[in-house]
Amino acid sequence: MYDYDLLVVGSANADLVVGVERRPGAGETVLGGDLAVHPGGKGANQAVAAARLGARTALLARVGDDGHGRLLRDSLRSAGVDTAAVLTGGAPTGVALITVDPSGDNSIVVSPGANARLTEGDVRADVLGAARVVSAQLEIPLETVAAVVRALPEGTRFVLNPSPPRPLPDDVLAACDPLVVNEHEARVLLGDGETDDDPADRARRLLALGPRSVVVTLGAKGALVCDASGVRAVPSVAVAAVDTTGAGDAFTAALASRLGAGEELSVAAAYAARVGAAAVTRRGAQESYPTAAEVAALDA
């Protein structure tokens, strides 16, 4: 009997956002609007998204002993995430400094802080074994993700969104079931550059790298699921998109949590596409994530 449907191993950041009329040049100071502070980080985002959908969810992460760390813990708990494995100390909480101009273009500087101190020694087999599915991203050290793979108990499923993308060791690729990528991440992993190759062909080539299965997200076009049985298209739901921030995290969280509930990959991906569609109808990341009832209403 598992304690959790999903354990997320990943980052937790405070997003500090300032609106500006234009971004400053070198040596220049510009005045901005009021500072807004939001809970973020791909790991925390995914944990909150899964918990909002009703999944039994825990997060393994590291934050600082500071106000931003307390903000993140409070946000996670209010969404229903178990924070017993959220560690404290080693560095200040990770921070993303974001300036946004009137067109919506942004500039982001990330200070990883405590996220970079989530080490192999923080990975415990008993924590991993409490979940049916473990998911990770790459805003924490790759060595820590590799340690998660080595410590996975038999029967525990591993889901990886390699964001930000970078080359992956063979043992990490071999554990992915699925490897979840958007089109940009797929191109980076394949070394394709900016090409217009067929997404289905790209999914097959990703599978040939060694993962057990692959999911390629296509935004408003839905997703592709690829495994040994072939490539299958998963449609999305037509919505009026307002803000795509964090939509990929919502998709991955929904996919992983449904796999944790025992669903087949294509069925889980179809649900995840609807969750991602619901998330883009509201602004922000964590604050945009829907409940299961809101996803059901989207289908009606």
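In strand S7 (residues 106-111), the bridge partner of Ile98 is Ile108. Strand S6 (residues 94-100) and S7 pair in the antiparallel sense over six bridges. Two strands count as paired if DSSP finds at least two bridges between them. Strands (E, at least two residues) and helices (H or I, at least four) are DSSP runs, numbered from the N terminus.

This is a predicted model: local features need pLDDT of at least 70, side-chain atom pairs count only at pLDDT 80 or more, and totals for chains, interfaces and linings use all residues. Residues are numbered from 1 along each chain as its sequence is written, and side-chain values use heavy atoms, with hydrogens and water left out.

S6 also pairs with strand S2 (residues 13-19): seven bridges join the two, which run parallel. Asn13 has Gly94 of S6 as its bridge partner. Ala14 stands opposite Val95 in S6. S2 has a further partner in strand S3, with five bridges and an antiparallel run. There, Asp15 stands opposite His38.

## Ala14

Ala14 has its place in S2. Its relative accessible area is 0%, so Ala14 is buried. Buried means under 20% relative accessible area, exposed over 50%, and partly exposed in between (1.4 Å probe, protein chains only).

Which residues does Ala14 touch, leaving aside its neighbours within four places in sequence? They are Val37, His38, His68, Leu72, Thr93, Gly94, Val95 and Ala96. Contact means heavy atoms within 4.5 Å. Ala14 and Val110 lie 96 residues apart in sequence and 9.8 Å apart in space, C-alpha to C-alpha.

## Strand S4

Seven of the seven residues of strand S4 (57-63) are buried, so S4 is largely enclosed by the rest of the structure. In a regular strand the side chains alternate between the two faces of the sheet. Thr57, Leu59, Ala61 and Val63 point one way from S4. Ala58, Leu60 and Arg62 point the other way.

S4 runs parallel to strand S1 (4-9), and four bridges join them. Val9 stands opposite Leu60 in S4. S4 also pairs with strand S5 (residues 86-88), in the parallel sense over three bridges. In S5, Leu87 is the bridge partner of Arg62.

## Helix H1

Helix H1 (42-52) is mostly covered: 10 of its 11 residues are buried. Among them are Lys42, Asn45, Gln46 and Val48. The buried residues of H1 pack against S1, S3 (36-40), S4, H2, strand S8 (131-136) and H8. Gly54 follows H1, and its phi is positive, near 100°.

## Nonpolar cores

The largest nonpolar core has 44 residues. Such a core is a set of buried Ala, Val, Leu, Ile, Met, Phe, Trp, Tyr and Cys residues joined through side-chain atoms within 4.5 Å. Leu59, Leu76, Val215, Phe251 and Leu255 have the most contacts inside this core. S1, H1, S4, helix H2 (67-79), strand S12 (223-227), helix H8 (247-260) and helix H9 (265-279) each supply at least two of its residues. The largest share, eight residues, comes from H9. Apart from this core lies another, of 43 residues, which includes Ala130, Ala146, Val172 and Val181.

Leu255 reaches beyond its neighbours within four places in sequence: its contacts there are Pro178, Val180, Val215, Leu265, Ala268, Ala269 and Ala272.

## Two cis peptide bonds

A cis peptide bond joins Asp177 and Pro178, with omega about 15°. Pro178 is found in strand S10 (residues 176-181). Another cis bond joins Ser163 and Pro164, with omega about 0°. Pro164 sits in the loop between strand S9 (157-160) and helix H5 (170-175).

## The second largest pocket

About 180 Å³ of space lies in the second largest pocket. On a 1 Å grid over the protein atoms alone, a pocket is an open set of points where a 1.4 Å probe fits, with protein on both sides within 12 Å along at least five of seven lines; lining residues have an atom within 4 Å of a point. The volume is the space filled by probe spheres set on the points, which are joined across faces, edges and corners.

The lining includes Tyr4, Ala58, Leu60, Asp82, Leu87, Asp122, Arg124 and Ala130. S4 and helix H3 (125-128) each supply at least two lining residues. The lining divides into eight nonpolar, no polar and four charged residues. Here Ala, Val, Leu, Ile, Met, Phe, Trp, Tyr, Cys and Pro count as nonpolar, Asp, Glu, Lys and Arg as charged, and the others, Gly among them, as polar.
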